[in-house]
Amino acid sequence: GVIPMIILGAIGATIGTSVIYLIALKLGRIVLLRYLCYLKISEKKLARVEIWFEKYGEKAVFLGRMVPVMREMISVPAGLLQMRIPKFVLYTFAGSCVWSTATILSGYYFGEVIGL
């Protein structure tokens with residue numbers, strides 16, 4: 001049952017982060033800035049993230065799925081900069097598969113090591 005767990009984990013992550021992507025896509029920059037201030041994200045920081053995302057967009061989505069906190073937050077610039085949905089879903093799913101594989105296999109390994 002490892003393979004189905006990996007695939008289901010990646011599907012769940014893709015669905016969850018796609019919601020954040022769609023919110024950023026539909027609400028836009030001005031509305032998001034109103035709420036991102038509660039997370040201590042200023043317009044200046046958001047502008048830097050957008051410039052960085054324009055440079056590394058697809059790689060950022062793929063690799064960002066393997067970094068805690070960034071896993072969710074990378075969806076915001078992807079939505080704001082209107083990354084194409086099929087490309088976003090593909091890179092999100094692929095990165096989430098890698099992350100799911102690593103976490104599930106490490107759980108199996110450590111479970112056996114400590115005798116669970």
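**Figure 1. Salt bridges of the predicted model.** Three salt bridges are counted in this predicted structure. One of the bridges joins the side chains of Glu43 and Arg29, with an N to O distance of 3.3 Å. Since Glu43 belongs to helix 2 and Arg29 to helix 1, this pair ties together parts that are 14 residues apart in sequence. Glu43 counts as partly exposed because its relative accessibility is 48%. Arg29 is likewise assigned to the partly exposed class, at 26% relative accessibility.

**Figure 2. Arg29 and its partners.** The side chain of Arg29 also meets that of Glu50 in a salt bridge, at 3.1 Å from N to O. Glu50 lies in helix 2 and Arg29 in helix 1, so the pair ties together parts that are 21 residues apart in sequence. Is Glu50 buried or exposed? With a relative accessible area of 11%, Glu50 is buried, because the cut-off for that class is under 20%.

**Figure 3. The Lys87–Glu58 salt bridge****.** In the bridge between Lys87 and Glu58, the closest N and O atoms are 2.6 Å apart. Lys87 is part of helix 5 and Glu58 is part of helix 2, so the pair ties together parts that are 29 residues apart in sequence. Lys87 counts as partly exposed at 28% relative accessibility, and Glu58 is partly exposed with a relative accessible area of 32%. Elsewhere in the model, salt bridges that share partners join Arg29, Glu43 and Glu50 into one network.

**Figure 4. The largest nonpolar core.** Eight residues make up this core: Tyr21, Phe53, Ala60, Val61, Ile74, Ala78, Met83 and Phe88. Helix 2, which spans residues 43-64, gives the most to the core, with three residues. A second, separate core has seven residues, including Ala24, Leu46, Val76 and Leu80. Which residues are in contact with Phe88, leaving aside its neighbours within four places in sequence? They are Thr17, Ser18, Tyr21, Val61, Arg65, Ser75, Ala78 and Met83.

**Figure 5. Helix 5 and its buried residues.** Helix 5 has 29 residues and spans 41 Å from its first C-alpha to its last, close to the 42 Å expected at 1.5 Å a residue. The buried residues of helix 5 are Phe88, Thr92, Gly95, Ser96, Cys97, Ser100, Ile104 and Gly111. An α-helix has 3.6 residues a turn, so residues three or four places apart point the same way. The cover over the buried residues of helix 5 includes helix 1 (2-36), helix 2 and helix 4 (75-80).

Figure 6. Thr92 is placed in helix 5, which comprises residues 85-113. Why does Thr92 count as buried? Its relative accessibility is 0%, and residues are classed as buried because they fall under 20%. When neighbours within four places in sequence are left aside, Thr92 is in contact with Thr14, Thr17, Val61 and Arg65. Val61 and Arg65 are also among the contacts of Phe88.

**Figure 7. The largest pocket.** About 210 Å³ of space lies in the largest pocket of the model. Rolling a probe the size of a water molecule over the atoms shows where empty space is left. The lining of this pocket consists of Leu36, Ile41, Lys45, Leu46, Arg48, Val49, Trp52, Met70, Met73, Ile74, Val76 and Pro77. Helix 2, helix 3 (70-73) and helix 4 are the elements that give two or more residues to the lining. The largest share of the lining, five residues, comes from helix 2. Ile74, one of the lining residues, also belongs to the largest nonpolar core, whereas Leu46 and Val76 are part of the second core.

**Figure 8. The whole chain, as context for the close-up views.** The C-alpha atoms fill a box of roughly 50 × 30 × 20 Å along the principal axes. Of the 116 residues of the chain, 32% count as buried. Among contacts between residues at least 6 apart in sequence, 73% join residues at least 24 apart.

Key
Residues are numbered from 1 along each chain as its sequence is written. This is a predicted model: local features need pLDDT of at least 70, side-chain atom pairs count only at pLDDT 80 or more; totals for chains, interfaces and linings use all residues. Side-chain values use heavy atoms; hydrogens and water are left out. Helices (H or I, at least four residues) and strands (E, at least two) are DSSP runs, numbered from the N terminus. Buried means under 20% relative accessible area, exposed over 50%, partly exposed in between (1.4 Å probe, protein chains only). Contact means heavy atoms within 4.5 Å. A nonpolar core is a set of buried Ala, Val, Leu, Ile, Met, Phe, Trp, Tyr and Cys residues joined through side-chain atoms within 4.5 Å. The expected span of a helix is 1.5 Å times one less than its number of residues. A salt bridge is a side-chain nitrogen of Lys or Arg within 4 Å of a carboxyl oxygen of Asp or Glu. On a 1 Å grid over the protein atoms alone, a cavity is a set of points where a 1.4 Å probe fits but cannot get out, and a pocket is an open set with protein on both sides within 12 Å along at least five of seven lines; lining residues have an atom within 4 Å of a point. Grid points are joined across faces, edges and corners, and a volume is the space filled by probe spheres set on the points.
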